[in-house]
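User: I would like to learn how to read a ligand site and a domain contact. Please take me through an example.

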Amino acid sequence: MYSIEVKASSGSYPIYIKNGLLDDIGVEVKKIYKGSKIAIVTDSTVNEFYGQRIISSLKMSGYEPIKIVVKAGEESKSFETLLEVYDKLLDFKINRGDIIIALGGGVVGDMAGFAASTFLRGIPLIQIPTTLLAQVDSSVGGKVAVDLPRGKNLVGSFYMPKAVFIDPLLLGTLSDRFLNDGMGEVIKYGAIKDNELFYKLMKYENKEALLKEIDKIIYTCCSIKAAIVEIDEKDTGERMLLNYGHTIGHAIEQFYNFKKYSHGEAVAMGMYSITKLGEELGMTTVGTSTAIKDILIKYNLPWMFPEINCEDVIETISHDKKNIGESMNFILIESIGNSFIEKINKTNIKDYLLGVIK
Ligand SMILES: NC(=O)c1ccc[n+]([C@@H]2O[C@H](COP(=O)([O-])OP(=O)(O)OC[C@H]3O[C@@H](n4cnc5c(N)ncnc54)[C@H](O)[C@@H]3O)[C@@H](O)[C@H]2O)c1
């Protein structure tokens with residue numbers, strides 16, 4: 001079993017990574033929680049695959065678990081769903097000595113995490129991420145949130161889990177699209193911090209070869225994220241490096257109303273265009289954008305900027321909550337594995353983007 005200790009201001013928490021961990025979850029939870037009630041929040045798809053297995057394992061260890069199943073998909077990161085979850089937690093008489101488990105992808109992790117952080121001013125939370133994106137990214141670092149009709153993740157908090165349990169075998173049922181989507185984030189870690197990881201990803205011949213070593217890859221990514229969030233828990237400095245490709249990616253996602261491109265696909269295009277831009281500005285070693293393009297093609301991720309109105313992209317970027325003020329931060333890479341934050345004046349962005357969108 002791989003383990004990582006993440007140091008946070010509210011105390012540290014462990015991440016455990018092991019194939020088959022879900023079936024031992026009762027035994028593992030017993031080491032950190034001595035009560036009896038557990039509310040598992042999951043979505044309809046994950047419930048079909050894994051709902052019964054988690055309940056069995058928890059019952060075998062003497063727990064009294066209930067399941068709260070929400071609809072699969074981003075729509076469940078809403079206040080409507082949140083109210084339904086609060087309601088079920090009240091029915092089950094959950095209190096601050098009990099525990100909530102978020103079993104699912106980033107949607108369940110963010111929404112159930114936000115429910116845990118707010119219900120009765122905070123119920124201890126365990127994350128069991130089931131998508132690659134959630135295993136390498138969203139379950140680590142304590143960001144939890146729900147969406148508002150006017151934008152994503154607009155209401156949320158920083159709420160550290162008691163533990164994160166990762167079973168890489170759960171990825172076996174994930175669709176290729178969501179697997180590739182998560183690979184977008186894995187590639188990001190390689191590009192910003194770890195060229196060995198990046199070039200290793202270039203070598204896998206097929207999905208089977210990749211999945212055989214995915215536990216190690218998840219460990220590497222979680223270690224990188226843990227190291228970054230330990231330095232900058234509240235996202236004001238070093239943590240911004242994790243946004244490589246995200247500023248432009250978010251604008252693309254938003255332009256298409258989150259319907260056309262998944263998060264990983266939009267970030268993929270963002271990573272290529274910002275790297276190409278870095279080369280044009282003389283800040284990135286020439287050839288780096290080609291390496292990014294090659295790896296995105298290998299994992300069936302888009303790289304070419306879509307045919308969209310440049311003005312709209314700029315407008316969207318300017319309204320992003322992270323881009324308040326005269327200038328804004330872009331993450332550039334000097335070469336694969338070496339990233340830095342570059343402040344760019346908003347008036348210059350249009351020229352930069354016009355250079356990219358061509
Ligand atoms: N908190 C953070 O730091 C952070 C970071 C990145 C992204 N996010 C958020 O994460 C969300 C996206 O997460 P996601 O991509 O995991 O989406 P998701 O949670 O919607 O999962 C994608 C799909 O895969 C299904 N699924 C999940 N696990 C499965 C499995 N093992 N087998 C088969 N199907 C499975 C789900 O039912 C869903 O249909 C967004 O809301 C984003 O804002 C949060």
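Analyst: We take the ligand, then the domains. This is a predicted model, where local features need pLDDT of at least 70 and side-chain atom pairs count only at pLDDT 80 or more, while totals for chains, interfaces and linings use all residues. Residues are numbered from 1 along each chain as its sequence is written, and side-chain values use heavy atoms, with hydrogens and water left out.

User: How many residues surround the ligand, and which are the closest?

Analyst: A residue is near a molecule if one of its heavy atoms lies within 4 Å of it. Here 26 residues surround the ligand, the closest being D43, E74, T130, T131 and T173. By class, nine are nonpolar, eight polar and nine charged. Nonpolar means Ala, Val, Leu, Ile, Met, Phe, Trp, Tyr, Cys and Pro; charged means Asp, Glu, Lys and Arg; the others, Gly among them, are polar.

User: Which helix gives the most to the shell around the ligand?

Analyst: Helices (H or I, at least four residues) and strands (E, at least two) are DSSP runs, numbered from the N terminus. Helix 2 gives the most, with four residues. Elements that each supply at least two include helix 6 (176-193) and strand 8 (151-158).

User: Where does the ligand lie relative to the two domains?

Analyst: Domain bounds come from an automatic or database domain assignment. Domain 1 (2-173) and domain 2 (176-356) both give residues to the shell, so the ligand lies between them. Their C-alpha centres are 27 Å apart. The contact (heavy atoms within 4.5 Å) takes 27 residues from domain 1 and 27 residues from domain 2.

User: How much area do domain 1 and domain 2 bury between them?

Analyst: Buried area is the accessible area (1.4 Å probe) that two parts lose on being put together, summed over both. Domain 1 and domain 2 bury about 2500 Å², 68% of it on carbon and sulfur atoms. In domain 1, Y2, L132 and V136 lose the most area to domain 2, together 25% of what that side buries.
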